[in-house]
Amino acid sequence: MLKVKVRATLLALALPILLNATHILKDDILKLEASKLINEIGDELFSKTGINGYVIATNEHFPVGFNLVEYSKKYEDRMSKPYVLFIFAPWASITEELEMKGRVGLIPSSDAIRTLYNEADVKAAAVDVVSSKDSNSDEDKHNIGVIQAFSELAEGIARSKGIELTKT
């Protein structure tokens with residue numbers, strides 16, 4: 001009987017940790033507040049739509065032509081289907097000729113999931129913030145850009161299912 005009580009207690013303590021899975025698979029650049037907001041949006045998205053949203057925010061310097069889909073495969077064991085993965089890599093090279101840097105990627109778990117959001121709107125939400133000429137630091141722009149894009153992604157999925165989110 002004592003073993004049963006101990007196991008029940010351990011399960012009760014571990015369950016909230018197991019259920020509070022992170023939506024951020026890699027984070028080299030986000031502030032704590034941004035990470036918290038992304039996880040809140042991701043939790044609400046999953047609880048209301050059953051679709052997981054994940055973020056990779058990396059400071060890796062990807063070369064021109066780097067394959068983000070192949071890169072994402074090393075995170076597959078940490079994602080649950082159905083999902084959409086948002087990758088934000090502000091230091092990735094775009095072309096050999098341009099000095100500009102930064103890549104944004106969206107990788108859905110299926111073509112059916114891809115139809116639930118507008119890829120151009122999600123990418124524009126990040127790029128518009130990051131490319132704006134204002135007094136915000138690059139770090140702040142990166143954080144705001146990731147939040148804006150992930151929020152747009154979640155809103156698009158929810159909207160396609162006739163659901164309203166409150167955290168976005």
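Author: A contact here is a pair of heavy atoms within 4.5 Å. Of the contacts in the protein chain with a separation of 6 or more, 65% are between residues 24 or more positions apart. The model is predicted: local features need pLDDT of at least 70, side-chain atom pairs count only at pLDDT 80 or more, and totals for chains, interfaces and linings use all residues. Residues are numbered from 1 along each chain as its sequence is written, and side-chain values use heavy atoms, with hydrogens and water left out.

The protein chain has 6 helices and 4 strands (DSSP runs, numbered from the N terminus: H or I over at least four residues for helices, E over at least two for strands). Read from the N terminus, the order of elements is α-β-α-β-α-β-β-α-α-α. Of the 168 residues, 39% are buried (under 20% relative accessible area, with exposed meaning over 50% and partly exposed in between; 1.4 Å probe, protein chains only). The chain exposes about 9,800 Å², 56% of which comes from carbon and sulfur atoms (Shrake-Rupley method, 1.4 Å probe; for residues, only the protein chains shown count as cover).

The part to examine is the sheet, with strand β2 as the point of entry. The 4 strands form an open sheet of mixed pairing, in the order β1-β2-β3-β4 (two strands pair if DSSP finds at least two bridges between them). At its edges are β1 (24-27) and β4 (101-108), each of which pairs on one side only. With direction ignored, neighbouring strands are turned by 10° against each other on average (axes are lines fitted to C-alpha atoms, for helices over the stretch in contact, and angles run from 0 to 180 degrees between N-to-C directions).

Strand β2 covers residues 52-57 and runs parallel to β1, to which 3 bridges join it. I24 has V55 as its bridge partner in β2, and K26 has I56. Because 6 of the 6 residues of β2 are buried, the strand is largely enclosed by the rest of the structure. Burial holds for both faces: N52, Y54 and I56 point one way, G53, V55 and A57 point the other way, and all are buried.

Helix α6 (residues 138-160) packs on this sheet, where it touches β2, β3 (83-93) and β4; its direction makes about 155° with that of β3.

The side chains of K26 and E60 meet at 2.9 Å, N to O (a salt bridge is a side-chain nitrogen of Lys or Arg within 4 Å of a carboxyl oxygen of Asp or Glu). This pair links distant parts of the chain, since K26 is in strand β1 and E60 is in the loop between β2 and α3 (68-72), 34 residues apart. E60 is partly exposed, at 24% relative accessibility.

The count of salt bridges comes to 10. Within helix α6, the side chains of R159 and E152 form one of them, at 3.6 Å from N to O. R159 is exposed, with a relative accessible area of 53%, whereas E152 is partly exposed at 25%.

K31 and D140 form a salt bridge whose closest N and O atoms are 2.5 Å apart. This pair too links distant parts of the chain: K31 is in the loop between β1 and α2, D140 is in helix α6, and 109 residues separate them. K31 is partly exposed, with a relative accessible area of 30%, and D140 is partly exposed at 25%.

Two further places complete the surroundings. E44 belongs to helix α2 (residues 32-49) and is buried, with a relative accessible area of 7%. Apart from neighbours within four places in sequence, E44 is in contact with E164, L165, T166, K167 and T168.

The loop between β3 and β4 holds L98, which is partly exposed at a relative accessible area of 45%. Together with I94 and M100, L98 makes a nonpolar surface patch of about 280 Å² (patches are made of residues with over 30% relative accessible area and no salt bridge; like charges are joined within 9 Å, and nonpolar side chains, namely Val, Leu, Ile, Met, Phe, Trp and Tyr, within 5 Å).
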